[in-house]
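User: Can you walk me through this one? I'd like to know what stands behind the labels.

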Amino acid sequence: MRKRIMVKITSTVLIIIVVTLTGNYKLASQSEESIKVTEGTNNKEFVDVQNYYYEQLIEEEKKIYKQLDSSKQKIMKGEEICVAKIQGVSSEIYEKVDHYLQRSIWAYRLDHPISTLWFNHYDGYMRIKKETENSSLITVEIMITPGKNGYYDFDTQEELEEAIKEVEQKTKDFVQQLSGTNEEKLRHIVEWLLQGTIYDATAKTPNMNTLFGCIIQKKCVCGGLAYSFKYLADQAKIPVISVIGNCIVGEKQTDINHVWNMAWIDGKWKQMDITNILENGIETNPLKTIFQSFLYYPTLFQVPYS
């Protein structure tokens with residue numbers, strides 16, 4: 001994440017701090033024990049994958065999340081919106097607001113993978129107003145405004161809307177043909193996603209982290225694969241979540257950002273890494289490859305262990 005901070009003080013004591021956020025994420029250190037939520041339990045808490053990350057947010061973050069959802073048409077049109085107003089002490093609130101905004105946006109993207117098409121790049125900024133000249137108490141308006149390209153990885157709003165329709169139609173036709181057990185359906189989803197798909201080693205292709213990049217353009221990175229897999233699983237009504245975090249190589253935690261999935265199969269969570277399958281192929285027993293356990297270190301949200 002890169003930040004560009006600009007402060008402007010006017011006669012009305014309005015302070016504007018602009019925070020430019022990118023689609024990259026920075027994960028804070030967290031102990032392995034603190035992220036160990038469950039080990040293979042049929043706890044129904046984890047079956048509601050539509051709101052999995054929303055439920056982990058605090059009240060201030062949930063308000064931002066809900067506002068993002070209700071304002072998605074405005075965001076798609078490239079309009080600026082206010083997602084929340086928060087009051088607090090100036091010495092503490094700046095970092096909190098930045099944290100609230102990041103977690104809310106990531107939670108929304110992870111719960112709603114189709115949003116990667118229209119919420120892939122964004123700028124967030126804070127409008128700060130002091131209650132009185134000498135007071136440390138301030139009110140913060142958290143704003144979302146279009147990034148450099150108002151329609152993200154498309155040139156116009158019409159192209160963006162057409163891309164969404166193309167993804168929805170192609171996936172709908174495929175999901176309607178799925179049959180078998182949930183494991184068999186997930187195997188078919190993986191095979192369908194990977195057919196003709198190329199991993200973008202340059203990490204420069206437009207839409208590389210979106211459903212359009214994976215499903216239509218067939219060139220993407222781990223995010224495009226993981227979000228597309230969850231989207232298709234959602235359509236097939238199979239509980240799947242996407243996970244963001246860092247990889248562990250050997251026994252050492254790395255700073256390698258990665259996105260993968262976890263699927264609720266037979267009362268247990270099982271880790272699934274579609275990128276690993278794309279790079280290494282599906283073995284004779286594809287389910288063994290798809291559901292094998294990998295070592296990752298998720299740190300932005302809590303996730304269940306397989």
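**Helices and how they pack**

Analyst: The chain has 9 helices and 13 strands, taken as DSSP runs (H or I, at least four residues, for helices; E, at least two, for strands) numbered from the N terminus. This is a predicted model, where local features need pLDDT of at least 70, side-chain atom pairs count only at pLDDT 80 or more, and totals for chains, interfaces and linings use all residues. Residues are numbered from 1 along each chain as its sequence is written, and side-chain values use heavy atoms, with hydrogens and water left out.

User: What makes α3 oblique to α7?

Analyst: The axes of α3 (residues 90-111) and α7 (residues 222-235) cross at roughly 55° and come within 9 Å. Under 35 degrees would be roughly parallel, over 145 roughly antiparallel, 65 to 115 roughly perpendicular, and the rest is oblique. So α3 is oblique to α7. Trp106, Arg109, Leu110 and Asp111 of α3 meet Tyr227, Lys230 and Asp234 of α7, contact being heavy atoms within 4.5 Å.

User: How do you know that the buried residues of α4 line one face of the helix?

Analyst: Seen down the axis of α4, they fall within an arc of 130°, so they line one face. The arc is that of the directions from the helix axis to the C-beta atoms. Among them are Leu160, Ile164, Val167 and Phe174; buried means under 20% relative accessible area, exposed over 50%, partly exposed in between (1.4 Å probe, protein chains only). The face turned away carries exposed Glu158 and Lys165.

User: What do the buried residues of α4 pack against?

Analyst: They pack against α2 (72-76), α5 (182-194), α6 (211-216) and α7.

Note on methods. Axes are lines fitted to C-alpha atoms, for helices over the stretch in contact, and angles run from 0 to 180 degrees between N-to-C directions.
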